[in-house]
Amino acid sequence: DPLLPPEFTSCGISYVGDDPLDVNCCPPISDVIKDYKLPPVRQLRVRRAAHRLNRVNVAKYKRAVKMMRDLDVSDPTDPRGFSQQANIHCAYCNGAHDQVGHEGLDIQVHFSWIFFPFHRWYLYFYERIMADLLKDPTFALPYWNWDHPKGMQLPGIFDEEDSSLYDTNRNQDRRPPVVLNLALNSTVTDPAQIISNNLSLMYNEMIGTPASATDFMGKAYRDGDAPPTFPDGGTSEKGSHSAIHAWFGDPRNEYNEDIGNFYSAGRDPAFYSHHANVDRMWTIWNDIPADYPKAITDPDYLNASFLFYDEKKQLVRVKAADCFNHKKMGYDYENVDIPWLRSKP
Ligand code: C2O
């Protein structure tokens, strides 16, 4: 059977490994849960690369995050607030919820085939909340184009110290223009070499290595399964995705907070733009011809479901199958050159 959504009324303590955390990441409770229907799309939101964003769009993004941070103060229980949004990640990844009917089996949205659908829905509502606060239905989340040489460093918009997009809890040795090293390999120091290695690594995780859809997406994860662990994840999740969490997490903090740990990753505004690119990788992979079928048709995958608060503070239930077409969800990615397509090692 498919994975069921958590019961927010039985949210408990969250953990890193076996260490209980001193934070409460339980979402607000609601008696009404609606099955979510994608609203009709009037105009596509276009997610643009963060390093190419124009000033108007940078200003909008800053204002949206500022408004979410203000909600934290005016009403800490408002599910649209920045901290509440960050806590979603903790609630689904750090053991706060058991699977319904399976006491002691944590829900874990990483390292399996639900990794991409869960995070796509997460960003979908995050983006809609920002658009609603801005009263701008065209607002789109910028993506961090880390698969392109120009995006292989923290985008400058996240590194301005007095901006709402800034987070002090990052590795200070990796502030821009330090080049991101996806291999996390400290023996290679020449930036041009790091970039070329990054491109080969991208080619491999997107094209060279996966021999099946689950190789790329992650293994099956169903109702009653033990929480998946790192080796069960797909090539993209285990590769570039995890590397960025590890590269930018702050080693001064016990668990590499913020972006370096699940429970705290959402406190870094860069996290959402990071995941927009992870989501973009899913769309790109889908369109690359391969000698294996890209679609997973197992009903336990299609019907895996999650709960989120929408931009009207309504608790909604969504399922994986309703997020497979991102244009039907109302957004698309700006087209840019994809050099790793030509970087077969
Ligand atoms: Cu839910 Cu990049 O992690």
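This is a predicted model: local features need pLDDT of at least 70, side-chain atom pairs count only at pLDDT 80 or more; totals for chains, interfaces and linings use all residues.
Q: OK, helix 3. How many residues does it have, and how far does it reach?
A: Helix 3 covers residues 115-134, which is 20 residues, and reaches 29 Å from its first C-alpha to its last. That is close to the 28 Å expected at 1.5 Å a residue. The expected span is 1.5 Å times one less than the number of residues. Helices here are DSSP runs (H or I, at least four residues), strands are E runs of at least two, and both are numbered from the N terminus.

Q: Is helix 3 enclosed or open?
A: Helix 3 is largely enclosed by the rest of the structure, because 17 of its 20 residues are buried. A residue is buried if 20 or more other C-beta atoms lie within 10 Å of its own, exposed if 12 or fewer, and partly exposed in between, with C-beta atoms placed from the backbone.

Q: What comes just after helix 3?
A: Lys 135, which takes a positive phi of about 55 degrees.

Q: And Ala 131, what does it touch?
A: Ala 131 lies in helix 3. It is buried, with 20 other C-beta atoms within 10 Å. Leaving aside neighbours within four places in sequence, Ala 131 is in contact with Asp 136, Pro 137 and Phe 139. Contact means that the C-beta atoms of two residues, placed from the backbone, lie within 7 Å. The C-alpha atom of Ala 131 is also separated by 9.4 Å from that of Lys 60, 71 residues apart along the chain.

Q: Which residues touch the most others in the largest nonpolar core?
A: Ile 114, Phe 118, Trp 121, Tyr 122, Phe 125, Tyr 126 and Phe 308 touch the most other members of this core of 86 residues. Helix 3 gives the most to this core, with twelve residues. A nonpolar core is a set of buried Ala, Val, Leu, Ile, Met, Phe, Trp, Tyr and Cys residues joined through C-beta atoms within 7 Å.

Q: What does Ile 114 touch?
A: Not counting residues up to four places away in sequence, Ile 114 touches Leu 3, Val 109, Tyr 221, Ala 304 and Ala 320.

Q: Switching to strand 7: which way do its residues point?
A: Ser 305, Leu 307 and Tyr 309 point one way, Phe 306 and Phe 308 the other way, and all are buried. In a regular strand the side chains alternate between the two faces of the sheet.

Q: What is strand 7 joined to?
A: Five bridges join strand 7 to strand 8 (residues 315-319), and the two run antiparallel. Strands count as paired if DSSP finds at least two bridges between them. Phe 306 stands opposite Val 318 in strand 8. The two strands form a hairpin with five residues between them, and Lys 313 in the turn has a positive phi of about 65 degrees.

Q: Now the histidines. Which ones does UniProt list as "binding site"?
A: The unreviewed UniProt entry gives that annotation to His 241, His 245 and His 275. Those three span 35 residues in sequence, yet no two of their C-alpha atoms are more than 10.3 Å apart, so they gather at one spot. The entry also annotates His 89, His 110 and His 119 in this way. These are spread over 31 residues of sequence but cluster in space, with a largest C-alpha distance of 10.3 Å. UniProt positions follow the numbering used here, feature names are shortened, and annotations may be inferred rather than shown by experiment.

Q: What does His 119 touch?
A: His 119 lies in helix 3. Leaving aside neighbours within four places in sequence, His 119 is in contact with His 275, Val 278 and Asp 279.

Terms used:
Residues are numbered from 1 along each chain as its sequence is written.
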